[in-house]
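Visitor: I am new to this structure and would like a close look at one part of it. Could you walk me through the place where the two chains meet?

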Amino acid sequence: MVYITSWDDFVERSVQLFRADPEKTRYVMKYRHSEGKLVLKVTDDNECIKFRTDQAQDAKKMEKLNNIFFTLMARGPDADISEVGGKEQMEAQAPKKGRGRKQ
Amino acid sequence: MVRLQPDPFLNELTSMFERTTERGSVWVTLKHSSDKSKAQRNKMKTTGENIEFKCLIRATDGKKNISTMVGAKDHQRFQASYAILLKARLTALKKRERKDKRKAADSDKKLEKSKKKSAAQKAST
C-alpha cells in the first residue's frame with residue numbers, strides 16, 4: 001500500500017472509508033519512539049490507506065483526526081463532525097490553559 | 001486482551017510508551033464496535049433489539065494487549081486525556097526549526113518572521 005502524502009486527502013478518504021463500512025473499519029496509530037516515526041492507518045480489510053510522518057506538527061493534526069474518529073465511533077457514523085475539527089476542543093481547553101488570553 | 005476501565009487503560013498505555021522508548025513500537029487501534037459476537041448481533045437484529053455501538057480502543061506494544069470501551073457519554077473526557085498523553089509521549093518527532101527562536105518570542109510577529117528568514121538563510125549558508 002502506498003502512503004498518502006497529503007494530510008487533507010488522508011483525512012477525507014479515511015472518514016469516507018469509515019462511513020462506507022463502520023463495522024469493519026479500524027483506525028490504527030503506530031508510534032516508534034526510537035526512530036521518531038508515526039504511522040496512521042485506516043482500513044476495512046479491503047482498502048487500506050496510510051499516512052506516515054516524522055514531524056511533530058503532524059501529531060497536532062492527528063489529534064484532530066483522533067477526535068473525529070472518537071466522535072464517529074462513540075456516537076455513530078452519522079454523528080456531526082463539522083465541529084470536531086479542533087475548534088470545540090480548543091474552546092473547551094482554552095479557559096484552563098491560557099488565562100486571560102482572549103479578553 | 002485485558003479489558004480495562006478508561007483511566008487504568010491510559011495509565012497502562014503510558015507505561016507502554018515508557019517501555020518502548022529505547023526500542024519497539026506502540027499500536028493504538030480505534031474501532032466502532034458493539035462488543036458482541038456476530039451471532040449475538042444477528043440474534044439481536046432478528047429480534048429487533050437495538051444494538052449499541054461504542055468506541056473500542058485497543059493498544060499493544062507487541063507483548064501486552066490492553067483494551068477499553070468508551071461510549072457517547074464519556075468519549076470526550078477520554079479523548080482529551082488521550083490527547084494530553086500523546087502530547088507528552090510523542091516527543092521523538094521532529095519539530096520545525098524553531099529552537100533558537102525563543103529569545104525572539106516576545107518581539108513583534110513581523111520581526112520574528114524576518115528573523116526566521118534571515119536565520120534560515122544563515123543556516124543554509
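Guide: A:Tyr31 stands opposite B:Val26, a residue of β2(B). Strands here, like helices, are DSSP runs numbered from the N terminus, with at least two residues (E) for a strand and at least four (H or I) for a helix. β1(A) and β2(B), residues 26-33 of chain B, run antiparallel and are joined by 6 bridges; two strands count as paired if DSSP finds at least two bridges between them. In general, strands of a sheet pair through backbone hydrogen bonds, either parallel or antiparallel.

Before going further, please keep in mind that this is a predicted model, in which local features need pLDDT of at least 70 and side-chain atom pairs count only at pLDDT 80 or more, while totals for chains, interfaces and linings use all residues. Residues are numbered from 1 along each chain as its sequence is written, chains are lettered from A and ligands numbered from 1 in the order in which they are written, and side-chain values use heavy atoms, leaving out hydrogens and water.

Now follow the sheet into chain B. β2(B) is also joined to β3(B), residues 54-60, by 7 bridges, and these two run antiparallel; there B:Val28 has B:Ala59 as its bridge partner. The whole is an open sheet of 7 strands with mixed pairing, in the order β3(A)-β2(A)-β1(A)-β2(B)-β3(B)-β4(B)-β1(B). β3(A) (48-53) and β1(B) (2-3) stand at the edges with a single partner strand each, so one side of each has no neighbour in the sheet. Across β1(A), β2(B), β3(B) and β4(B) (65-70) lies helix α1(B), residues 6-19, running at about 145 degrees to β4(B). That angle, on a scale from 0 to 180 degrees, is taken between N-to-C directions of axes fitted to C-alpha atoms, for helices over the stretch in contact.

What about the interface as a whole? In total, 40 residues of chain A are in contact with 39 of chain B, where contact means heavy atoms within 4.5 Å. About 3,400 Å² is buried between the chains, 57% of it from carbon and sulfur atoms; buried area is the accessible area (1.4 Å probe) lost by two parts on being put together, summed over both. A:Tyr31 returns here: with A:Glu23 and A:Phe70 it supplies 22% of the area chain A buries against chain B, more than any other three residues. A:Glu23 also meets B:Arg41 in a salt bridge (3.6 Å, N to O), meaning a side-chain nitrogen of Lys or Arg within 4 Å of a carboxyl oxygen of Asp or Glu.
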